[in-house]
Amino acid sequence: MDQTWIEFLRERLPELWLRVGQHLGLTGASTALAILIGVPLGVLALDSRATKGMVLSAVSILQTIPSLALLTLLLALLDRIGAVPAIIALTLYALLPIVRNTITGLEGVPPGVMNAAEGIGMTRWQQLCMVQFPLALPVIIAGIRTAAVIGVGVATLSAFIGAGGLGQFITRGLALDNHRLILLGAIPSAILALMVDGALAAVGWALDPMQKSSRPPAATRIARTVALLLPIVALASGMATYVGTKPNVVVSSKSFSESMILAHMMADLIEAKTDLSVERRFCLGGTMICHGALESGEVDLYPEYTGTALTAVLHEPATSDPVEVFDTVAAAYHEQFAVKVLPPLGINNTYAIAVRSSEAKKKGWTRISDLRAGAEGMMAGWTSEFAERPDGYPGLVKHYGFEFGEAVDFDASLMYEAASKGEVDVIAAYSTDGRIDAYDLVLLEDDQHFFPPYYAVPVVREATLERYPQLEEVLNLLAGRLDNETMQRLNYEVDGHKRSPREVAREFLMEEGLIP
């Protein structure tokens, strides 16, 4: 029976408070840093027209960089995931409105007022602090409010690099095609933006000496003090969500159903069979973000696929022998990354080209090669990873010798529906995806053996195994436990019936007698 909205909210409320706190922490820390950097930059820009042009050009350029691109760039530069690169990215995005409003506010002070200040013997510094700043404050506060509201919106993207926040619900909802999860992230984010804007408006009132109040002087002082403390308390509360007991093991996943289900199985087993504490840091963008986090020690383990590891991570040519692929990946991961590849879980989730079954029957398509004749007039749809990976579309074109008339990128959760509705003719499906049958699609035979085997394997940092040697034995309980048919059923429980990946994973472990 489907959950009602009330039941859904009641179940998610503890996590919702956590994510709101994280979102406040990200926005508050980045806005505070942007103020510390942006206001002095605005003051510096007043020195000359050239300096002003340089400063405004620099912060304007930062604003034009796509937010996801900036997050990914910082991820590579800092070699870490989480709050630090997210706060830096949000700070850079917040600079433009603060710098611009600081310049506008300071330049807007009437020349007569400045002449009077100079006439009574004020130094340049005294003029700035005692005359210009108080008069420019409403304009500067307006810029800070704009920066903070932008920060609340952009912070939702930080979930792609493991920084948490309300974007965590949105990324999960997109991955699972779950509208409730998307709304659980989007609606509180919108409310939070309004609350942040209101709190900063109160700060502006408290700091503006020109603002009059009908309250008694003592009540006015209290009200101003409360207004000033609001953002400080909010920032402290938000940052507190990132401080706590460090877990023994961090388990991660990519941003699709199967990866989350397998990662939950691993995390549940560790919690059930050991005394170790586990943090689940899921939905980390794509393969290279997960791999980078593993290599840098930000996460300890996650489920990977042998074919993906071979081609996307190691950049080795594809081969169809599953044993050879596993041995190559295991040896290279040990030598290059100090990561141990554990025995396969039993499923081979290979890429597969899928079409509508009605079209396949009508045109007699059974193999990928059958698409050659009409490929120029067909539209293909796949994930952004498949569009760029050597074991994806570029390799497929080289191997089969033809390409489709047009290819568009889709989120995995939308790709199957697009094929079913005829919006695209061909998609790159996952062979264990339960939505293949649900959307009446059919997989075409890879008759020229392009796609390598993609056996799911746990990849674990060797340093983590040395610290907690019991982990290997526990994780190996999953070895060979799954097959493609079972995995397809589990995936459809999540994608089709909209059940929680954690619930589906736990149910499977209980059926197998692996946890109580």
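**A pocket lining and an enclosed strand**

By class, the lining of the second largest pocket has 16 nonpolar, 12 polar and five charged residues; here Ala, Val, Leu, Ile, Met, Phe, Trp, Tyr, Cys and Pro count as nonpolar, Asp, Glu, Lys and Arg as charged, and the others, Gly among them, as polar. Bear in mind that this is a predicted model, where local features need pLDDT of at least 70, side-chain atom pairs count only at pLDDT 80 or more, and totals for chains, interfaces and linings use all residues. Residues are numbered from 1 along each chain as its sequence is written, and side-chain values use heavy atoms, with hydrogens and water left out.

The volume of that second largest pocket is about 910 Å³. It is lined by 33 residues, and Ser255, Gly285, Gly286, Ser384 and Glu385 are the closest to its centre. A pocket here is an open set of points on a 1 Å grid over the protein atoms alone where a 1.4 Å probe fits, with protein on both sides within 12 Å along at least five of seven lines, and lining residues have an atom within 4 Å of a point. A volume is the space filled by probe spheres set on the points, which are joined across faces, edges and corners. Two or more lining residues come from each of α3 (67-78), α7 (167-176), α11 (287-296), α12 (306-313) and α15 (384-388). Helices (H or I, at least four residues) and strands (E, at least two) are DSSP runs, numbered from the N terminus.

Now over to strand β10 (residues 456-461): six of its six residues are buried, so the rest of the structure largely encloses it. Buried means under 20% relative accessible area (1.4 Å probe, protein chains only). Ala456, Pro458 and Val460 point one way, Val457, Val459 and Arg461 the other.

Who pairs with β10? Strand β3 (residues 301-305) does, antiparallel over five bridges, with proline 303 bridging to proline 458. Strand β4 (residues 339-341) also runs antiparallel to β10, joined by three bridges, and valine 341 has valine 459 as its bridge partner. Pairing takes at least two DSSP bridges between two strands.

Notes
Buried means under 20% relative accessible area, exposed over 50%, partly exposed in between (1.4 Å probe, protein chains only).
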